[in-house]
Amino acid sequence: MNELVEHGNPQNWYLVLSTILFSIGVMGVLFRRNGLIILMCVELMLNSVNLLLVSFSAYSGNTEGQVFVFFIMVVAAAEVAVGLALLVSIYRNLASTDINILSKLKW
Amino acid sequence: MDNFINLTQLITPASLIPLFPLLGFFITALFGKQLKHFSGWFASAMILLSFGLALHLFLNLPANQSLNFNLFNWIKWGNINLAFGFLIDPLSLVMLLVVTGIGFLIHLYSIGYMHHDEGFSRFFSYLNLFIFFMLLLVMGNSYLIMFIGWEGVGLCSYLLIGFWFKNDSYNDAAKKAFIMNRVGDLGFLIGMFFMLFYLGGLDFETVNANAINYPAGSSLLVAITLLLFVGAMGKSAQIPLYTWLPDAMAGPTPVSALIHAATMVTAGIYMIARSNLIFALAPFTMEVVMWVGVITSIFAAIIGIKQTDIKKVLAYSTVSQLGLMFAALGIGAFESGMFHVVTHAFFKALLFLGAGSVIHAMGGEQDMRYMGGLGKYIRITWLTFLIGTLAISGIFPFAGFFSKDEILAASFGANKTVWILLSISSMMTVFYMFRLFFLTFSKSFRGTEEQKHHLHESPWTMTLPLIVLAIFSVGAGFLGMPAVMSSTHYFSQYLAPVFEGSKSLITEHHHADHGTELMLIGIALSAAAISIGLAWSFYVSKNQIPEDEPQGLSKWVANKFYIDELYNTIIVKPIMVISDILFVLVDKLVVDLIVMAAAWIVGFTGRTLRLVQTGNTGFYIFAMVIGMMVLMFIQLVY
Amino acid sequence: MLSLTLLFIPLAASLLLLFSRGGLSRNLALVLTLVQLGFTAYAYTVFNAEGAVPFDFLRNWSAKPFINVHFSMDGMSLLMVILTNLLLPLIVLSGYNREIERPHIFYSLMLFMQFALNGVFIAFDGFIYYIFWELALIPIYFISFNWGGQNRTQVTLKFFIYTLAGSLLMLFAFLFLYNGTPTHSLDWAVLISNKACACNQTWLFWLFFIAFAIKIPIVPFHTWQPDTYKTAPTQGTMLLSGIMLKMGTYSLIRWLIPVVPEGVKEWQYIAIGLSVAGIVYASIIAIMQSDLKRLLAYSSIAHVGLISAGIFAMNLTGMQGSLIQMFAHGINVVGLFFCADIIFNRTQNPNVEGLGGIRLVAPKFATWFMVIILGSVALPLTNGFVGEFMLLFGVYEYNTWLSVFAGLTIILGAVYMLRMYQKVVLGEPIMENMVFPDLYWNEKVVLISIGILIFFFGIFPNTIIELTEPFLKTITK
Amino acid sequence: MNTIIYTSVLGFFCMIAEIFNFRKLIVPVLVLGLAVIFGLNLNDWNSNQAFFNNMVKVDNFSVAFGGLAIFVTLLVFILSTDFYAEDQNHLSDYMSILTFVLVGALMMFSYANLTMLFLGIETLSIALYVMAGSKRFDVRSNEAGFKYFLMGSFASCFLLFGIALIYGSTGTFDIAKITEYTIQNQQNISPLFYTGMVMVVFAMLFKVSAAPFHFWAPDVYEGSPALVTAYMSTLVKIAAFGAFYKLMSATFFYTSWKAEIILNAAAILTLAVGNLMALAQTNFKRLLAYSGISHAGYLMLIIISAKNQPAGALFYYSLAYSLSTLAAFAIAIPIFKAAGSEEISAFNGLAKKKPLAAAAMSMAMLGLAGIPPFAGFLGKYYIFTEALQSGFFYTTLTAIFASMIGVYYYFKVILAMYGKPANEVEMGNSFNYNLVLWLCIALSLFFGLYPAPILNIF
């Protein structure tokens with residue numbers, strides 16, 4: 001970690017930050033059991049990627065990365081919409097958003 | 001081979017000899033129902049035709065010449081050609097005449113004997129088939145053709161012993177005969193492989209031509225001859241493969257006469273006589289042959305003393321006589337062995353047929369304890385049987401005297417121990433044969449009234465063969481008179497070309513001088529006389545009848561030294577147990593289990609592994625992250 | 001094109017049969033198999049006159065992976081084709097007075113099997129050969145499974161998976177070879193001229209060997225066989241034992257030995273040892289078997305053990321003997337299973353111990369049964385003898401003691417066969433009220449044909465040798 | 001390019017059709033439209049055009065796989081008329097979403113830029129999340145949808161992170177330029193690039209349901225409506241492998257990264273897991289899910305030998321696999337409906353009631369098991385030759401053993417049909433199902449016997 005930073009490329013700070021954000025998101029998905037919170041964690045992961053892309057884009061002077069971020073935002077919105085819809089229908093049927101109860105399908 | 005015009009003319013009749021019995025077999029087998037009792041006559045006629053042709057060959061084949069021809073290539077591969085061909089020479093001619101001649105008489109006899117049997121046609125078809133194979137055996141010009149006949153007669157023996165297939169003990173006897181023969185056949189087969197591999201062929205000519213390139217006593221020839229002898233042991237019922245022959249008496253009596261006395265069982269002697277050259281080149285084997293013969297001869301004679309079944313006595317007597325012949329071969333007296341084959345064929349066939357006639361008269365009874373005094377009722381049988389008994393006992397001037405004397409004389413020259421043992425065996429032979437004779441024909445009848453009422457002489461088809469055989473049992477011996485009596489030994493002279501090769505290899509020691517010879521004759525005759533006297537005193541004077549349950553040593557003898565039981569315990573039972581063990585423990589449990597276990601392990605892994613799929617999303621994601629980390633690890637660190 | 005016709009007739013027949021019903025199916029099947037037999041006879045005359053050339057058919061099927069459709073015929077192929085097409089009418093006829101459900105499918109599968117078997121024997125490209133090899137498995141599986149006896153589900157599944165596992169190993173071997181040849185071809189001629197390197201031959205040998213050993217079967221890969229033979233309907237068992245296991249032994253000579261010579265030489269001793277051990281092992285087990293079909297199955301293992309031993313002796317004698325014996329065993333074992341079927345069909349009793357006395361009521365049957373047994377125990381002048389003689393001699397050329405051990409088969413064979421015959425046919429009837437009509441016409445025709453074949457090839461084995469020797473000479477050099 | 005646009009138009013039509021009450025027209029128009037698009041697609045053969053600044057590239061690969069995808073969709077749509085017969089209200093939604101799945105798949109075949117790959121995957125996935133959960137009142141369907149959604153979006157995040165890292169190290173999303181970059185800087189490639197690659201590969205392995213990222217597949221296949229399962233196990237699998245292959249053949253093997261080890265390990269594990277876990281299954285859809293995983297294992301052999309350019313093998317195998325699977329579903333769906341159960345026992349005794357259907361099902365199973373003469377066998381053979389030529393001896397051997405195990409579970413279905421006593425299930429005849437069924441079987445046989453046109457397509 002130090003090595004990355006000491007080389008003097010400030011881009012690496014962004015890299016570290018988005019990696020941390022991404023990891024937090026992964027941890028959240030791993031350890032939280034509430035469907036909504038997991039959804040939010042996924043959003044966090046996506047946004048960490050956005051941050052990373054923007055920073056890369058800015059430092060390399062290439063705008064492609066920023067365009068990509070727009071795509072990600074659009075897709076994330078769609079994804080959240082679908083995810084929430086599914087969650088709603090689960091909540092209707094099971095009156096819970098705990099993903100642990102989703103274990104009818106196994107073995 | 002010399003190819004005289006007249007020799008080639010003989011090919012056709014020679015080829016036809018085995019074809020007639022084969023034709024007879026097919027006709028009687030296929031049309032038995034339609035032919036009814038005519039099938040017996042037809043079958044006999046076929047054999048008579050063969051006999052005629054054999055006689056034709058005998059008369060027209062020039063002396064010192066043989067007829068060797070191939071009919072077609074049977075198996076031909078690589079540079080090996082196993083042709084199907086015949087060899088007609090003095091040796092095979094002698095056997096041809098014996099087989100067809102006695103065969104015909106026994107066919108004739110069977111017409112009467114089997115008259116009431118429901119399997120009449122079947123019987124004759126088997127008999128004809130037997131003659132066919134026997135002819136192949138003696139006519140073949142190679143070991144392979146001989147082997148065809150060899151196995152074929154084994155088959156017919158099987159079929160005929162088990163002729164009355166409803167009785168399971170008969171079937172057992174038949175099976176036993178076939179299987180024991182097969183044991184010998186394996187030896188024969190492997191012996192043939194040796195010959196084919198090292199001696200370049202299987203026909204007698206090639207084998208002999210190549211064998212003389214090997215030094216006498218070379219291990220190859222010893223191996224070959226020993227293996228061939230194993231075959232002979234099986235077929236000719238020598239120790240240790242003899243137990244099938246007494247059991248083989250389960251078959252109809254003509255079968256016992258033809259197959260198990262006169263012809264088939266002598267095939268072993270014929271085979272060794274045929275291979276005299278290679279046997280002569282293997283002195284060790286000759287020793288083995290001799291000792292096996294001697295021991296068998298004595299051993300069987302001992303057992304014969306205590307038997308009560310008329311046919312069993314004759315059977316053991318056959319084993320004993322065959323042992324005698326092997327002893328002769330082992331000494332190197334091939335002609336004497338063959339001579340005894342011929343004379344034995346006559347008188348043993350006679351004895352069996354006589355016994356058959358007795359059994360016929362007794363309505364199927366075979367136990368001598370329930371006979372006695374039959375001489376009064378069945379005169380022809382009685383007389384012919386007496387001739388046979390005298391012949392086998394070696395009483396001058398009956399046939400057995402000459403041949404047996406020749407063997408004893410030869411053994412005296414070769415090995416005194418052997419001579420003593422063989423003499424003892426002969427004495428015992430005389431004893432049990434007269435025991436048989438007295439128990440059966442002398443004194444008073446011991447059977448039931450019903451049987452007594454039924455006693456009658458057999459029809460002419462049965463007595464005629466008896467008479468003819470009796471004539472030969474008297475006369476055949478004069479073909480080979482000892483040097484004391486005649487300057488020409490017709491039989492040896494006739495066969496001389498066959499044994500030419502081996503003569504020089506065998507040390508000439510059996511031509512004792514006239515004085516010794518006379519002495520030997522005297523000893524033999526007086527021993528015989530003593531035995532007859534003993535038998536007379538036991539079974540006529542004292543009127544002893546063998547007890548039902550003998551005690552002590554005689555119990556062992558009467559039970560044939562428990563050899564059958566021994567074989568049963570050390571061979572048959574273990575194989576059965578092993579069979580069960582292999583099936584249940586090895587096949588089902590081990591071999592199959594490995595296969596099934598492999599399948600089960602796969603299935604078990606599947607059943608266990610599916611539990612990993614818990615249905616819990618958290619776990620799934622966790623596993624994915626772990627997998628991801630492993631990938632990272634491989635990429636960045638590993 | 002002649003080879004294609006050989007394939008086309010049974011295939012078309014198989015499809016045609018699907019549209020027939022009831023009694024028509026079996027008649028049609030018989031006629032069509034006879035047509036195929038007739039054509040085979042014609043092929044034989046053509047082969048005798050012009051050799052293999054008219055049978056050669058070579059087309060490219062696919063460029064990548066490179067696959068040729070290559071059919072051809074040499075003496076050995078022709079021999080096996082003759083065996084197949086000779087036995088099929090007999091097998092069809094043998095089912096004539098049996099109640100068979102849905103006969104049109106049954107016979108259709110049977111003819112499809114014939115198609116596949118013909119294909120196996122005339123395919124000269126590894127890939128095509130493999131396809132036919134697998135194709136042959138499917139109809140026989142369904143025949144055994146749908147028309148089989150008790151436990152058919154487990155037994156036939158075991159059979160299918162076991163043999164298929166072997167085939168997949170063979171597939172791997174072919175893939176290996178495909179990779180090993182510079183031209184990426186599996187053509188037989190290419191494979192035998194392009195020796196795989198010695199290091200790979202061990203692999204190749206074992207892959208091929210296990211595949212064939214399962215099919216043949218060589219002990220200890222045989223455990224699928226007795227149960228399958230017992231369970232399958234008799235016509236299926238006939239196909240399995242008469243022809244299908246010859247696929248394995250045929251393939252040893254066609255593929256394994258010429259293609260992987262070094263590997264075979266290296267492991268020859270194990271292969272031949274297993275084969276010979278299998279002979280004695282199976283023979284001894286057969287002695288005490290109480291189930292008739294299972295007994296015959298073990299006897300079959302013993303016989304094919306000798307065949308494979310002869311093949312692995314790798315000399316002309318052994319191989320020639322094996323071909324003769326394949327032909328002979330095909331005929332004999334079909335006869336034996338047919339006899340077993342006749343008995344079971346009339347008495348419903350599969351147990352050797354419970355039978356007996358059949359000879360009293362059915363002498364003709366007893367006679368023909370005996371004839372077939374004689375062929376099977378290798379009595380001289382029957383077809384079994386020539387094969388066994390040459391096989392044992394072939395093994396002898398390899399090793400004397402081994403041949404003595406293998407030779408025990410002639411003793412043990414007699415023991416179990418005669419014991420079985422005695423218990424089943426001779427003696428007094430044990431079963432009460434046994435109704436045992438003597439042979440019906442179709443049974444007579446089948447058994448007499450088999451009897452004639454037994455003696456014909458026993459007396460004129462040269463007809464087979466002349467056909468196959470040129471080929472065998474090329475691979476034993 | 002036209003293909004993608006026209007297909008999207010079809011999708012929009014479906015959505016609008018509901019408004020104009022054209023419900024009856026939806027399926028006919030879709031089928032006809034797809035048939036036309038199929039033709040248009042073929043028209044692009046050998047055209048090799050690039051669109052939108054090299055975002056999309058139409059080459060023979062994309063045309064061929066696009067054609068296959070359209071064909072599979074066509075067959076699924078033919079099945080859909082009967083499948084949705086009782087659920088006409090949502091027909092337009094379902095059909096349009098299914099069409100958008102196809103759009104996503106088409107993008108995945110023709111991308112030339114990681115952006116398009118991402119968009120393609122997401123278009124396909126999001127549509128599928130919806131379809132998996134489309135039986136709203138069925139808890140199992142909900143569960144399937146949500147599980148798929150959770151894991152899918154989680155994997156997408158990794159894909160994105162990986163793409164971002166690749167972008168960071170190479171400065172571009174363009175595949176060709178990335179390839180160029182790796183060739184030029186062979187010695188000093190940034191570790192970021194490798195990390196990114198591993199993440200992308202992870203995401204792709206997830207999409208193709210390779211072990212150990214396969215967990216979603218059985219649950220989702222089992223829970224989804226049968227038609228969606230059919231669609232998932234054919235089209236989606238093809239799309240994922242098409243994209244994966246394209247990625248691997250284009251970029252990955254020019255660098256010294258350890259793809260070979262990773263992918264080999266994944267292939268072996270997938271083969272083992274897929275086949276072993278399938279053994280004990282009793283639910284037919286779940287069985288086919290595991291079968292799908294095991295086929296993913298075979299297809300992984302193509303991915304690992306991607307440097308030999310075995311696109312032909314991939315295409316042939318995908319075709320063979322899709323045909324057999326669709327045939328199986330074409331029989332299974334009506335039986336499931338009639339029996340109200342999706343267990344294998346629903347097939348019990350089918351041979352007695354419907355011998356033809358049973359025969360067809362057997363052929364489908366034999367095709368899946370890879371037994372000649374069906375196309376599945378030659379496909380396998382082709383794959384194995386490719387893998388062996390690339391030197392993956394043990395992986396191929398594993399695949400051989402896997403095939404042995406595979407036979408067993410496919411035969412379970414056959415055994416149920418032929419060996420078990422018949423159940424009470426009464427099923428009618430449907431022209432559409434039979435059409436698809438026999439078309440698939442016939443094609444499977446046809447391509448098995450006459451493979452040359454397909455095998456040598458590239």
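## Cis peptide bonds in chain B

B:Pro397 sits in the loop that runs between helix H17 (379-393) and helix H18 (399-414) of chain B. In this predicted model, the peptide bond joining B:Phe396 and B:Pro397 is cis, with omega about 5°.

Another cis peptide bond leads from B:Ile239 to B:Pro240, with omega near 5°. B:Pro240 is placed in the loop between helix H9 (219-235) and helix H10 (244-247) of chain B. Most residues other than glycine have a negative phi, and most peptide bonds are trans.

## Residues with positive phi

The loop between H9 and H10 of chain B also holds B:Ala237. B:Ala237 is not a glycine, yet its phi is positive, about 55°. This residue counts as buried because 30 C-beta neighbours lie inside 10 Å, the cut-off being 20 or more.

In chain C, the loop between helix H6 (152-180) and helix H7 (188-193) contains C:His184. C:His184, although not a glycine, has a positive phi of about 55°. With 16 C-beta neighbours inside 10 Å, C:His184 is therefore classed as partly exposed.

## Contact between chains B and C

Chain B contributes 38 residues to the contact and chain C contributes 39 residues. On the side of chain B that touches chain C, at least two residues each come from strand E1 (67-77), helix H6 (143-161), helix H7 (168-198) and helix H25 (563-609). H7(B) provides the largest share of that side, 14 residues.

## Helix H3 of chain D

Helix H3 (residues 60-83) of chain D has 24 residues, which at 1.5 Å a residue should span 34 Å; the end C-alpha atoms are 34 Å apart, in agreement. H3(D) is mostly covered, with 21 of its 24 residues buried.

Methods:
Residues numbered from 1 in each chain as written. Chains lettered and ligands numbered in written order. Predicted model: local features only at pLDDT ≥ 70, side-chain atom pairs only at ≥ 80, totals over all residues. Helix = DSSP H or I, 4+ residues; strand = E, 2+ residues; numbered from the N terminus. Expected span 1.5 Å × (residues − 1). Buried ≥ 20, exposed ≤ 12 C-beta atoms within 10 Å, placed from the backbone. Contact = placed C-beta atoms within 7 Å.
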